[in-house]
2 protein chains.
Amino acid sequence: MRMYSLFIGLLLSLVCGLAGAQGTATWIWSPGDFEIWLSNRMQAQRVERDVAWPPFWRLYNHQPQVNFIRQVDLAAPEDIDIAVEGIHNVAIDGRFVHGDQRHVRVPAGKHTLNLQVYNAASPPAVFVQGRTIRSDASWSVGPRPGAPTAHAAHWNLAAPDTPPSGYRLPTREIPAVAVTRAEGAILVDFGRETTGFVKLKNLAGSGKIALYYGESKEEALSVEGAETLDRFTLADHRGDFVAPTSRAMRYVNIRFDGGIHIDDVALLYEYLPVAHRGTFKSSDDELNRIWDVAQRTLELNTREFFIDGVKRDHWVWSGDAVQTYLMNYYTFFDSDSVKRTTWALRGADPVDMHINTILDYSLYWFIGIRDYYQYTGDADFVKSVYPRMTTLMDFVLARRNANGMLEGLPGDWVFVDWADMPKDGELAVIQLLFARSLEAMADCAALAHDDAKAATYRQLAADLKAKIMAAFWDPRRQVFIHGRKDGRIDPLVTRHPNMFALMFGYLDDAQAAAVRRNVLTSDTVPKITTPYMRFYELAALAESGQQRYVTGQIKDYWGGMLRAGATCFWEQYDPKVEGVARYAMYGKPFGMSLCHAWGASPLYLLGKYYLGVKPTQPGYAAYVVEPDLGGLAWIDGKVPTPHGDIAVYADAKTIRVTPVAGQGVLRFTSASAPRSDGGTIRRIGERRYELALEGGKAVTVARTK
Amino acid sequence: MRMYSLFIGLLLSLVCGLAGAQGTATWIWSPGDFEIWLSNRMQAQRVERDVAWPPFWRLYNHQPQVNFIRQVDLAAPEDIDIAVEGIHNVAIDGRFVHGDQRHVRVPAGKHTLNLQVYNAASPPAVFVQGRTIRSDASWSVGPRPGAPTAHAAHWNLAAPDTPPSGYRLPTREIPAVAVTRAEGAILVDFGRETTGFVKLKNLAGSGKIALYYGESKEEALSVEGAETLDRFTLADHRGDFVAPTSRAMRYVNIRFDGGIHIDDVALLYEYLPVAHRGTFKSSDDELNRIWDVAQRTLELNTREFFIDGVKRDHWVWSGDAVQTYLMNYYTFFDSDSVKRTTWALRGADPVDMHINTILDYSLYWFIGIRDYYQYTGDADFVKSVYPRMTTLMDFVLARRNANGMLEGLPGDWVFVDWADMPKDGELAVIQLLFARSLEAMADCAALAHDDAKAATYRQLAADLKAKIMAAFWDPRRQVFIHGRKDGRIDPLVTRHPNMFALMFGYLDDAQAAAVRRNVLTSDTVPKITTPYMRFYELAALAESGQQRYVTGQIKDYWGGMLRAGATCFWEQYDPKVEGVARYAMYGKPFGMSLCHAWGASPLYLLGKYYLGVKPTQPGYAAYVVEPDLGGLAWIDGKVPTPHGDIAVYADAKTIRVTPVAGQGVLRFTSASAPRSDGGTIRRIGERRYELALEGGKAVTVARTK
């Protein structure tokens with residue numbers, strides 16, 4: 001069985017390799033163009049009841065003209081078929097091809113192909129299919145003929161007759177779980193949070209129909225309060241009627257005129273196909289349900305892009321997205337979704353406002369790219385997006401104050417969290433994110449062979465970190481204080497800077513212990529009430545080995561949502577608020593999102609800090625498996641990597657790991673000398689052991705607790 | 001009559017004033033957006049026979065989202081009707097308007113209206129019509145709600161049901177002048193160069209039709225050589241057939257299958273409506289015909305934008321356009337066309353290549369804006385475009401060499417002229433254009449109240465001019481030499497730097513006389529063979545009073561084209577080339593454009609240097625009228641200004657001027673003491689006199705030669 005898996009793996013990798021070199025053709029475009037265009041289309045669909053509400057930040061457009069360039073060296077003449085979105089011409093070695101521009105013969109020998117494509121309305125894109133010449137990542141793009149400046153981008157859109165502008169998420173029909181009828185009204189329950197196009201089956205008659213969508217039953221029944229709704233007027237309709245816009249809901253309240261008859265209601269569930277690679281089971285059923293609901297939450301928010309929530313915004317928010325990336329690495333490992341989202345968030349140049357207008361969201365964007373590289377090892381993407389990293393960082397650097405720090409300037413939104421706390425002046429948490437961004441820039445500059453900038457960013461980061469410690473670390477109280485305004489220190493302590501400093505590894509052991517003691521596990525520091533910031537809080541705690549405490553926190557907080565009836569995790573949760581009041585936010589009775597991506601963080605916490613799998617070199621070239629039961633009797637799951645899934649089982653006496661290629665290391669604790677059925681166990685400290693893993697070779701360790 | 005005209009003028013100005021404040025509504029957009037989008041659409045229509053050929057330079061796109069913002073202060077509630085291109089919402093004081101978003105009631109009092117509009121495919125635009133609230137230049141635009149960053153732009157598109165993306169030039173039907181029929185063929189002569197949609201009247205039958213367009217009969221008859229053609233296949237067609245694309249032609253050669261019958265052929269002449277304000281007549285009939293044909297040439301090339309030529313490119317080229325602007329000030333005075341063209345040439349940010357890829361064309365662009373301000377006094381436009389002036393100048397400044405000079409870098413096209421001469425290294429003519437551009441930047445920065453930059457540009461210009469004189473002025477030969485490469489002077493003398501230095505006023509009297517003598521009127525310096533550079537050559541000569549010489553040159557060169565059968569003026573004309581060979585260019589038998597905007601320069605020369613009218617303060621706040629007969633017995637014409645047309649008649653004994661508002665001055669020569677029927681004549685030199693003009697008050701001067 002093991003040999004068989006290895007063989008399949010090898011075969012797949014060869015086939016994929018071939019696919020890259022001369023396999024299936026795919027639509028290609030200039031990097032970022034399709035992503036910008038598609039994210040605009042998706043985000044512009046937001047409504048607030050009957051009002052269209054596109055994002056309020058700067059939107060960019062695609063480039064209206066792109067040249068697609070390929071060097072070829074043909075043993076024999078080759079006929080190529082060309083599909084194009086836009087007006088185009090074909091030139092070989094700088095000379096136009098006359099006649100049929102969609103079926104071109106390329107002569108034998110070395111030649112430069114240039115396809116010049118103009119399209120104002122949607123991204124210029126081409127699909128070229130020949131025997132050896134096929135549009136794929138081996139093509140280049142540039143703003144003028146014959147002068148490539150970047151590699152072409154693609155997303156495996158492999159149907160020549162479905163161009164990128166025609167891209168739609170797939171759908172499949174799902175039935176209602178419960179249908180309640182009354183005079184001129186049908187209330188449908190789909191059983192759990194979902195998203196798609198409501199289908200009214202065999203609708204007959206004329207008149208008005210209104211659909212009131214609800215993530216809760218109360219919302220659907222609130223004709224005046226439902227956040228999303230659709231209204232239609234039908235004339236003598238016969239047959240199925242499908243609402244033209246995809247909406248999020250668990251319930252839909254259908255109100256219709258007397259002249260209308262509806263046989264049944266279903267949903268065309270709209271989804272991005274993703275692989276369910278990551279798994280997690282444990283001895284705790286509640287925790288298992290939390291993991292499942294978190295996975296559902298993430299899946300619903302993984303669409304054209306990683307979105308914040310399925311009901312309300314379905315906008316792409318950087319702070320939210322950067323968390324979903326991390327969750328994704330422990331579930332779907334869908335790299336394409338990270339890349340698309342990164343392009344979409346960034347847009348194009350010139351930069352005149354922060355991503356989503358939010359200062360901290362620009363900073364997260366850099367960090368997300370470094371994370372991506374660490375998990376995937378995809379240096380090509382980093383090189384591709386690096387020019388837009390530098391222009392955004394130029395914008396950020398130009399906004400430093402006299403101290404070299406960032407604070408909110410006119411037009412900036414300093415978000416940090418929904419928590420009620422001062423947000424003006426120099427916030428410690430912002431400077432920490434800034435330092436981390438500069439480190440990310442340094443790493444990415446090095447990857448892009450921009451060594452001079454790499455050194456500059458590295459120095460800026462080091463200088464800033466020194467300033468941060470000097471300004472915000474309170475040596476007497478042994479905590480990070482919240483911030484400084486107009487040169488005056490605010491003695492307020494918040495969890496935010498403390499947990500980021502801990503998580504980023506900016507503290508020595510004594511400082512880390514103090515932060516844990518004085519802030520993170522202290523009841524005197526205000527609690528965090530968004531899953532968004534609980535992500536970092538719990539990650540920081542787990543980072544320093546507090547899994548047992550984290551287990552309790554997860555069961556308490558996420559378990560609390562489940563007990564309150566959640567079928568996905570929420571934008572905000574305060575256990576003290578009960579009943580329908582839980583759904584209120586932004587001054588609106590149903591303003592809160594009940595399926596919010598940042599609610600899914602247990603996926604990341606359980607995968608990284610319980611199964612304990614994390615890359616130590618980019619793309620899992622090296623990795624550790626360091627299982628931690630966190631107080632549970634046993635844990636069992638899989639973590640996806642670029643080389644396949646790592647399976648981990650652990651209980652007090654046994655650890656079993658099926659590793660993948662790469663320099664894997666298993667680290668574990670044991671009260672007495674452990675044994676294994678393969679490899680050599682090395683003692684690395686008090687009760688601590690290490691075992692080198694061999695790709696594809698499962699190993700079982702017997703230990704004592 | 002005079003009083004009556006004045007009264008009408010006053011009335012018109014009041015009405016127009018009202019129109020600006022609360023008159024007719026117009027579609028509005030973010031400055032540059034519509035112009036970029038429309039110029040892309042127009043330019044992408046270029047074909048080379050059956051090959052689409054959009055421009056080969058960087059094309060930009062419009063912003064996909066714009067907020068339209070207006071502060072109002074209403075005595076009573078007001079209903080407004082809203083038409084929009086795109087998805088939109090309406091907010092009053094930051095709160096969404098729910099319900100009908102196209103008919104909104106604005107409450108009494110002070111409010112901020114915000115219309116957020118998203119449109120990926122064409123520029124976001126709005127049309128708002130209320131009793132006092134109307135979309136016009138009083139609105140602002142910005143990338144985010146409630147934060148205006150610029151004034152809205154418009155072009156008096158006043159029909160709410162015809163949005164900007166639906167804009168089309170008007171057409172009117174004109175008949176053929178001669179129709180020659182043969183079996184399956186019709187050759188049509190429209191009598192002169194024209195442009196539009198060929199209309200095949202009462203076409204019946206099925207089969208193939210091909211249209212071969214020709215600016216010459218030879219081109220139309222050359223099925224293999226015609227630069228433009230269209231092919232159609234019709235099935236059982238009945239009725240008129242109109243070709244879907246506007247083309248330029250004098251002739252069209254229609255070839256069709258036997259199964260097709262065509263009753264007659266006409267043209268839907270496509271044109272931009274312009275006012276024929278400038279006029280010129282003289283005692284020389286040939287010169288009068290030259291003026292008329294030049295006007296026709298300019299008119300055909302004045303379309304959505306000023307284009308280079310009607311047949312081949314109809315692209316927007318900066319060097320060509322900047323000349324047409326000057327011609328336009330002496331004919332149509334169509335300011336909107338200058339503004340549209342300026343936006344279209346510039347595109348958006350960031351800048352990564354020169355306008356049209358041509359180094360000199362970036363420089364002309366700045367100069368054209370300064371010219372525009374001088375003729376129109378429209379400071380609002382300068383302020384509006386100033387941000388894009390600075391970003392282009394940043395690009396230019398970043399490309400200076402160690403000497404602070406410009407030379408062609410990889411990717412740059414150094415055009416200057418089609419003339420065969422060295423174009424690498426530091427060309428004197430490029431540095432002169434650069435200095436002039438910096439002066440233009442300084443002036444425009446001052447208008448935009450960017451005083452710091454104004455001073456910087458002023459200093460850069462002064463420094464550069466000193467360097468130019470030191471490097472390129474040969475004190476021994478008393479000429480500008482052509483250039484310097486790798487620090488080595490090329491002793492070659494070309495007309496180009498000499499004529500620009502003279503025209504820009506960079507020379508003292510002795511140097512100017514030397515340049516005239518040693519270069520401009522010298523047969524030993526290579527002649528100029530493009531009307532493009534003859535524009536500057538003759539302007540430089542006229543600038544220093546050589547009108548009599550210029551008259552001969554115009555009659556010789558432009559008269560030569562007329563004698564060769566021109567109905568518009570050509571891209572290039574070499575009297576030594578005869579017959580069909582004249583039409584060849586770019587290695588193609590009919591590659592040359594026979595209706596090229598830069599061929600129309602006599603319009604400018606005769607208006608500015610013969611009628612002698614030119615603004616001395618921006619917008620003709622002050623101006624001179626300095627008639628020069630240039631060897632002719634009499635001249636008679638009108639020059640348009642923002643305040644109306646200035647009429648000038650002059651012969652050896654009489655000068656008659658009907659001036660407009662503004663500080664006008666008539667300057668003239670007389671052998672003996674002159675007399676006038678108004679004002680006071682002042683002697684200003686040897687045989688030279690001056691008379692202050694009074695707006696609207698015609699004055700006649702009697703003089704002797």
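## Domains of chain A

Chain A is divided into domain 1 (2-166), domain 2 (171-270), domain 3 (365-416 + 424-526) and domain 4 (614-702); these bounds come from an automatic or database domain assignment. Between the C-alpha centres of domain 1 and domain 3 of chain A the separation is 37 Å.

This is a predicted model, in which local features need pLDDT of at least 70 and side-chain atom pairs count only at pLDDT 80 or more, while totals for chains, interfaces and linings use all residues; side-chain values use heavy atoms, with hydrogens and water left out. Residues are numbered from 1 along each chain as its sequence is written, and chains are lettered from A and ligands numbered from 1 in the order in which they are written.

## Annotated region

In the unreviewed UniProt entry, residues 277-608 of chain A carry the annotation "domain: Alpha-L-rhamnosidase six-hairpin glycosidase". UniProt positions are given in the numbering used here, feature names are shortened, and annotations may be inferred rather than shown by experiment. The span 277-608 of chain A is 53% helix and 5% strand, and its end C-alpha atoms lie 14 Å apart. Helices (H or I, at least four residues) and strands (E, at least two) are DSSP runs, numbered from the N terminus.

## Interface of chains A and B

Contact, meaning heavy atoms within 4.5 Å, involves 43 residues of chain B and 43 residues of chain A. Together the two chains bury about 3500 Å², 57% of it on carbon and sulfur atoms; this is the accessible area (1.4 Å probe) lost on putting the two parts together, summed over both. Helix H2 (33-43), strand S3 (51-52), strand S6 (87-92) and strand S9 (109-118) of chain B each give two or more residues to the side that touches chain A.

The count of salt bridges between the chains is zero, a salt bridge being a side-chain nitrogen of Lys or Arg within 4 Å of a carboxyl oxygen of Asp or Glu.

## Local backbone features

Most residues other than glycine have a negative phi, and most peptide bonds are trans. A cis peptide bond joins A:Asp349 and A:Pro350, with omega about -5 degrees; A:Pro350 sits in the loop between helix H6 (335-346) and helix H7 (359-376) of chain A. In chain B, B:Asp349 and B:Pro350 are also joined by a cis peptide bond, with omega about -5 degrees.

A:Asn156, although not a glycine, has a positive phi of about 55 degrees. Its place is the loop between strand S13 (153-154) and strand S14 (171-175) of chain A.
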